[in-house]
Amino acid sequence: MSYLQRLNTFIQEKLSTRVNDRIAKLEEILNSMALDYTSLDAARIFNGQTVRRAIVDRIISTFPFDVCVETGTFLGFTTSYLARHFPRVYSVELNPLYSNVARKNLQVFANVEIINDDSVAALKALLPEIGDRSCFVYLDAHWEDHLPLAEELELLSAVEHAIIVIDDFQNKADSGYSYDNYGKGKALDYATFSPVFRKLKYAVFEPNVAAVSETGYKRGYVICTTHQQSGDTLQRFPQLARVAVA
Ligand SMILES: C[S@@+](CC[C@H](N)C(=O)[O-])C[C@H]1O[C@@H](n2cnc3c(N)ncnc32)[C@H](O)[C@@H]1O
């Protein structure tokens with residue numbers, strides 16, 4: 001179980017069944033979580049993974065993105081980083097409790113919109129807005145029962161220039177990176193998703209930096225794109241390795 005899942009469990013456990021108790025507990029929890037979003041909180045952004053952050057920094061400085069979409073805001077840790085690097089950020093969160101907290105905590109960023117919705121519904125609504133603009137996407141809305149990843153990838157394959165980072169995904173070469181696995185057909189692994197990548201013509205890359213050299217929670221991730229030229233450029237990044245999904 002990842003750090004954020006444990007934090008979610010902690011919050012849910014803190015909520016008692018009685019409504020008044022729930023509200024009081026919630027206020028207590030939120031107050032205890034007062035976060036300083038005016039400074040970057042390196043321990044939480046991208047699961048505290050500094051190598052991943054350096055790779056994303058490089059992607060951002062290489063490609064001129066117009067817009068950023070994150071699915072799975074949670075409390076807005078990574079959103080605070082995205083807010084500082086993109087002119088416009090849309091972050092989608094299913095749980096109204098979390099989207100309210102994130103909205104409140106990120107209100108210093110005028111360029112961020114927190115959308116309380118299911119990621120697939122929100123992406124459908126955002127696609128016309130994205131249009132032909134170049135888009136950085138962080139897919140992180142996968143918690144247990146429902147994995148929207150295949151549908152998210154299908155929708156995003158219609159965006160001409162998108163570079164997508166998928167959190168919690170298997171690293172084929174290094175089992176030191178952990179990833180989400182909720183059982184058969186519900187794992188963020190190549191056995192489940194290679195057919196999806198292949199069908200939608202995504203070029204897929206994973207970090208070729210050993211997990212032992214990574215900091216934080218060492219969660220696996222992949223970076224993918226259907227944009228040929230961007231794929232060619234990513235292929236030249238020394239920290240990335242192209243993964244065969246054929
Ligand atoms: C791992 S957390 C996201 C962490 C966050 N991106 C960060 O880096 O701090 C996953 C979040 O996705 C949300 N979520 C789960 N399913 C979703 C869905 N279908 N649409 C939108 N959000 C979803 C959960 O409520 C949870 O807050």
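These legends describe close-up views of a predicted model. Residues are numbered from 1 along each chain as its sequence is written. In this predicted model, local features need pLDDT of at least 70, side-chain atom pairs count only at pLDDT 80 or more, and totals for chains, interfaces and linings use all residues.

**View 1. The open sheet.** The sheet has 8 strands in the order S3-S2-S1-S4-S5-S7-S6-S8, with mixed pairing. Strands (E, at least two residues) and helices (H or I, at least four) are DSSP runs, numbered from the N terminus; two strands pair if DSSP finds at least two bridges between them. S3 and S8 (240-243) are the edge strands, each pairing on one side only.

**View 2. Strands S1, S2 and S3.** S1 (residues 67-71) and S2 run parallel and are joined by 4 bridges. Threonine 71 stands opposite valine 92 in S2. S2 and S3 (residues 112-116) also run parallel, with 5 bridges. Valine 89 has valine 112 in S3 as its bridge partner.

**View 3. The ligand shell.** The shell holds 18 residues, among which Gly72, Phe77, Thr78, Ser119 and Ala141 come nearest to the ligand. A residue is near a molecule if its C-beta atom, placed from the backbone, lies within 6 Å of it. Helix H4 (77-85) and strand S2 (89-93) are the elements that give two or more residues to the shell. By type, the shell has 9 nonpolar, 6 polar and 3 charged residues. Ala, Val, Leu, Ile, Met, Phe, Trp, Tyr, Cys and Pro count as nonpolar, Asp, Glu, Lys and Arg as charged, and the others, Gly among them, as polar.
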